[in-house]
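Please consider each point with the structure in view.

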Amino acid sequence: MQTLDVVEPAQVREVWRILGQISDPEIPVLTITDLGMVRGVHHRADGWHIGFTPTYSGCPATDFLLKEIREAMETAKLTPVHIEQMLHPAWTTDWMTPAAKNRLREYGISPPQGHSCHAELSREVSCPRCGSLQTSLISEFGSTACKALYRCDSCREPFDYFKCI
């Protein structure tokens, strides 16, 4: 195990700030830090080490996001950079920030409700437009595998629900 170099906390905060500007390609109002995909930032003798957990192991955006991380770090002249994909523990919606969940709602997607509900969809999904809990499941799969399609029985609008994973 390599020892950590002495770096200023401001440099580590700067890396987090840079990573916090990388948007999720499927939901552009969220960043990889909003989603909790960045697990850690450390500086060692051989460069910057970033722990990264994709939202699921087969996520089609993983290679794109790894490239975005490398490019952002290179642009900031924070090299070399080593990215460790961390598949254990698996990513969960519990890692999303409260601000991310609010931005999802404002974007028109109902955020995950509950904690790591692996077994089934939430029974109470609120409409991101009117806030009603009177909603109906239309399809367990929405525009992406991590979302389900619902309809609000109050305002009659369809919406995506970001599944609790």
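1. Four strands make up an open sheet of mixed pairing, in the order 4-7-6-5. Strand 4 (109-110) and strand 5 stand at its edges with a single partner strand each, so one side of each has no neighbour in the sheet. Strands here are DSSP runs of E of at least two residues, helices are runs of H or I of at least four, and both are numbered from the N terminus. Two strands count as paired if DSSP finds at least two bridges between them.

2. Basis of the model. This is a predicted model, in which local features need pLDDT of at least 70 and side-chain atom pairs count only at pLDDT 80 or more, while totals for chains, interfaces and linings use all residues. Residues are numbered from 1 along each chain as its sequence is written, and side-chain values use heavy atoms, leaving out hydrogens and water.

3. Pairing within the sheet. Strand 5 (residues 135-139) pairs with strand 6 (residues 147-152) in the antiparallel sense over 4 bridges, and Leu 137 stands opposite Tyr 150 in strand 6. Strand 6 is also antiparallel to strand 7 (residues 158-162), over 5 bridges. In strand 7, Asp 160 is the bridge partner of Leu 149, and Tyr 161 is that of Ala 148.

4. Two connections. The hairpin of strand 6 and strand 7 has 5 residues between the strands, and Arg 156 in the turn has a positive phi of about 70°. Glu 140 lies in the loop between strand 5 and strand 6.

5. Domains. The protein is divided into domain 1 (10-85) and domain 2 (98-162), with bounds from an automatic or database domain assignment. Their centres, taken over C-alpha atoms, are separated by 27 Å. In domain 1, 6 residues are in contact with 8 residues of domain 2, contact meaning heavy atoms within 4.5 Å.

6. The β-α-β unit. Strand 2 and strand 3 pair in the parallel sense over 5 bridges, with Phe 52 opposite Gln 85 in strand 3. Together with helix 2 these strands make a right-handed β-α-β unit; right-handed means that, with the strands pointing away from the viewer, the path from the first strand over the helix to the second runs clockwise.

7. The nonpolar cores. The largest nonpolar core has 32 residues, and Leu 19, Ile 32 and Trp 48 are among those with the most contacts inside it. Such a core is a set of buried Ala, Val, Leu, Ile, Met, Phe, Trp, Tyr and Cys residues joined through side-chain atoms within 4.5 Å. Helix 2 gives the largest share of this core, 5 residues. Domain 1 and domain 2 both contribute residues, so the core lies between them. Leu 19 touches Ile 32, Thr 33, Val 38, Val 41, Ile 50 and Ile 69, not counting residues up to four places away in sequence. Another core, of 8 residues, lies apart from the largest one and includes Cys 127, Ala 148, Phe 159 and Cys 164.

Note on methods. Buried means under 20% relative accessible area, exposed over 50%, partly exposed in between (1.4 Å probe, protein chains only).
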